[in-house]
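These are my notebook entries on one chain fold. I set down what I looked up, in the order in which I looked.

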Amino acid sequence: MTSDRKLFMEATRAFEVRVADKPELREAAFRLRYQVYCIERGYEPGHGGIESDRFDDRAGHAVLVQRSTGRVVGTVRVVAPSAAGDAGDLPMQQLCPTQVAQALRAGRTGEVSRFAISKELRDPSCAGGVPLRLGLIRGAVQISAGLELTHW
């Protein structure tokens with residue numbers, strides 16, 4: 001077995017990817033986002049230990065759960081387009097030129113964002129955190145399939 005495969009298998013045994021379809025899992029995701037995006041990075045203001053925005057209500061969320069402790073140690077969301085397909089529909093559309101936004105496949109493009117891993121498990125080396133990041137990407141794929149999205 002290659003070292004990459006062995007590392008991936010160990011991570012699969014240690015962590016579980018779950019779609020955050022229950023309120024307690026979503027709250028755990030928002031609390032981890034607060035820790036990463038508000039406290040550690042200072043990117044967002046947050047409120048009451050929660051980092052959330054207007055896009056969360058129509059986003060699918062996934063979490064990475066450490067099997068030994070039951071703790072949520074990673075999170076990602078996929079923001080689905082609104083039914084109306086309004087301007088500023090996805091977070092990135094607030095920042096990119098209109099022609100870029102118009103090139104998106106309407107109704108089938110979601111935005112992957114709020115990708116976060118707990119500081120305790122974040123590995124500064126590129127290779128060390130790959131299994132955790134792959135787990136979160138797997139969660140984003142699951143969410144996208146459920147939302148019938150074909151593009152990110």
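I began with the terms: helices (H or I, at least four residues) and strands (E, at least two) are DSSP runs, numbered from the N terminus, and two strands pair if DSSP finds at least two bridges between them. I note that the model is predicted, that local features need pLDDT of at least 70 and side-chain atom pairs pLDDT 80 or more, while totals for chains, interfaces and linings use all residues. Residues are numbered from 1 along each chain as its sequence is written, and side-chain values use heavy atoms, with hydrogens and water left out.

Entry on the sheet. I looked up the bridge partner of His61 in S3 and found Arg77. Strands S2 (residues 59–66) and S3 (residues 72–79) pair in the antiparallel sense over seven bridges. I then traced the open sheet, in which four strands follow the order S1-S2-S3-S4 with antiparallel pairing. Strands S1 (15–19) and S4 (111–117) each have a single partner strand, so one side of each lacks a neighbour in the sheet.

Entry on the helices. Helix H2 (residues 23–40) packs on the sheet and touches S1, S2, S3 and S4; contact means heavy atoms within 4.5 Å. Helix H4 (residues 130–147) also packs on the sheet, touching S1, S2, S3 and S4.

Entry on Leu149. I located Leu149 in the segment after H4. Is Leu149 buried or exposed? At 10% relative accessibility, Leu149 counts as buried (under 20% relative accessible area; exposed is over 50%, partly exposed in between; 1.4 Å probe, protein chains only). The C-alpha atoms of Leu149 and Pro81 are separated by 9.2 Å, though the two residues are 68 residues apart along the chain.

Conventions. Axes fitted to C-alpha atoms, helices over the stretch in contact; angles between N-to-C directions.
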